Number of protein chains: 2
Amino acid sequence: VNSPGAEIRQRGRPRDADIDARVLTAARELLAEAGFAGATIQAIAQRAGVQPPAIYRRWANRVQLVEECVFPGLSEVAVLPTGDLEADLRRFIAAYREALAQPHAMAALPALVAAYQATPDARMRPERGFRSARPQFRAILEAAPAGQVDAALDPEDLFDLLLGAVLCRTFILSVGVRAGAPDRTVELLLRAMRPS
Amino acid sequence: VNSPGAEIRQRGRPRDADIDARVLTAARELLAEAGFAGATIQAIAQRAGVQPPAIYRRWANRVQLVEECVFPGLSEVAVLPTGDLEADLRRFIAAYREALAQPHAMAALPALVAAYQATPDARMRPERGFRSARPQFRAILEAAPAGQVDAALDPEDLFDLLLGAVLCRTFILSVGVRAGAPDRTVELLLRAMRPS
């Protein structure tokens, strides 16, 4: 089953989805346990019980595999708007931080950014994930009562501000540990949104 | 001169400062040219014309050496307040981004954050650098005319918001390239600061 020939013959069969899932699970576990440095293709293949070529047929390189471990989880941050802007923002930020704080995501994201720095052509890739929570953020703003969000502001700019605050609080410890920080992020965002 | 014995005998002499400077220059060049992965102690020592032990006597490990390559440059962001809050913030953000965008800093920062993730005990270290621009930011707020900055707000929270926006725009490409983004960061910060 693990020879390349057998793998190729099985393309498109249900078995493939099973291999995908096993590889992604093994990669997430290794990221959490041993960091990006420990999550090599060889180690992932061994834990998933497949041969490395089976991984390379699905992902061009380790970075692409790790991206698929991390970004779908971030895009699943689903907070339905209730019309209570402050409460919605608070829930949105909490859900986003929780997704980022998954051990495999915490280990992978700085390493991914470092990999993008090393290969500038690849630098657009993280956007697939970061962008995906934007529609949910826009929906929260749209559901807010009149007079709370200045219609002249670009929701994308507000999301950028939120993203920066969340990433900073997640990855820079002395920012993250200050008491009440998420509440104050929400307060500052609300102030920035208010009509003049 | 390059034998460990010779090095030890020279401790405290002017020669030491010269070695420090050569090692830091070599490390910055290698970070810019070959990234964090290429800036090994061995390669830095070779370029600086010293033996690796001479480096290890000064810095306990590569991470500490790279920190000293990067963080003093960030703390040198010196923008004297003029009392024009909007203009001062614009200059502060531009200077901070320029310091971050130095090739050696761009290469080193994601790798440092990744290293901190891998060794949680070390995670407080980047704060030495990130914190150092805070007094200058507070001075800008203090110089602003009355009525522009809500005295009830904590300047540290406002700085965190600015830091997140700047880091995001520097390291996440699709955020950074949107036209007029720095201006809009300043606008949103001003709105967040305004007294209620």
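Student: In which kind of crossing, left-handed or right-handed, does α6(A) pass α12(A)?

Tutor: α6(A) passes α12(A) in a right-handed crossing. A crossing gets that name if the near helix is turned clockwise from the far one by less than a right angle, and is left-handed if the turn is anticlockwise. Before we go on: this is a predicted model, where local features need pLDDT of at least 70 and side-chain atom pairs count only at pLDDT 80 or more, while totals for chains, interfaces and linings use all residues. Residues are numbered from 1 along each chain as written, chains are lettered from A and ligands numbered from 1 in the order written, and side-chain values use heavy atoms, without hydrogens and water.

Student: At what angle do helix α6 and helix α12 of chain A pack, and how far apart are their axes?

Tutor: Helix α6 (residues 85–100) of chain A and helix α12 (residues 181–193) of chain A pack at about 130 degrees, with axes 10 Å apart. That angle makes α6(A) oblique to α12(A). The cut-offs are under 35 degrees for roughly parallel, over 145 for roughly antiparallel and 65 to 115 for roughly perpendicular, with the rest called oblique. The axes are lines fitted to C-alpha atoms over the stretch in contact, and angles run from 0 to 180 degrees between N-to-C directions.

Student: Which residues of α6(A) and α12(A) meet?

Tutor: From α6(A) they are A:L85, A:E86, A:L89, A:R90, A:I93 and A:R97, and among their partners in α12(A) are A:P182, A:V186 and A:M193. Contact means heavy atoms within 4.5 Å. By class, eight residues here are nonpolar, one is polar and four are charged.

Student: How do you know whether the length of helix α12 of chain B agrees with its number of residues?

Tutor: The expected span is 1.5 Å times one less than the number of residues. For the 13 residues of helix α12 (residues 181–193) of chain B this gives 18 Å, and the end C-alpha atoms are 18 Å apart, so the two agree.

Student: What makes B:A95 fall into its class?

Tutor: Its relative accessible area is 24%, so B:A95 is partly exposed. You will find B:A95 in helix α6 of chain B.

Student: How many helices and strands does chain A have?

Tutor: Chain A has 12 helices and zero strands. Helices here are DSSP runs of H or I with at least four residues, and strands are runs of E with at least two, numbered from the N terminus. Of the 196 residues of chain A, 49% count as buried.

Technical notes. Nonpolar A, V, L, I, M, F, W, Y, C, P; charged D, E, K, R; others polar. Buried < 20%, exposed > 50% of the residue type's maximum accessible area, 1.4 Å probe, protein only.
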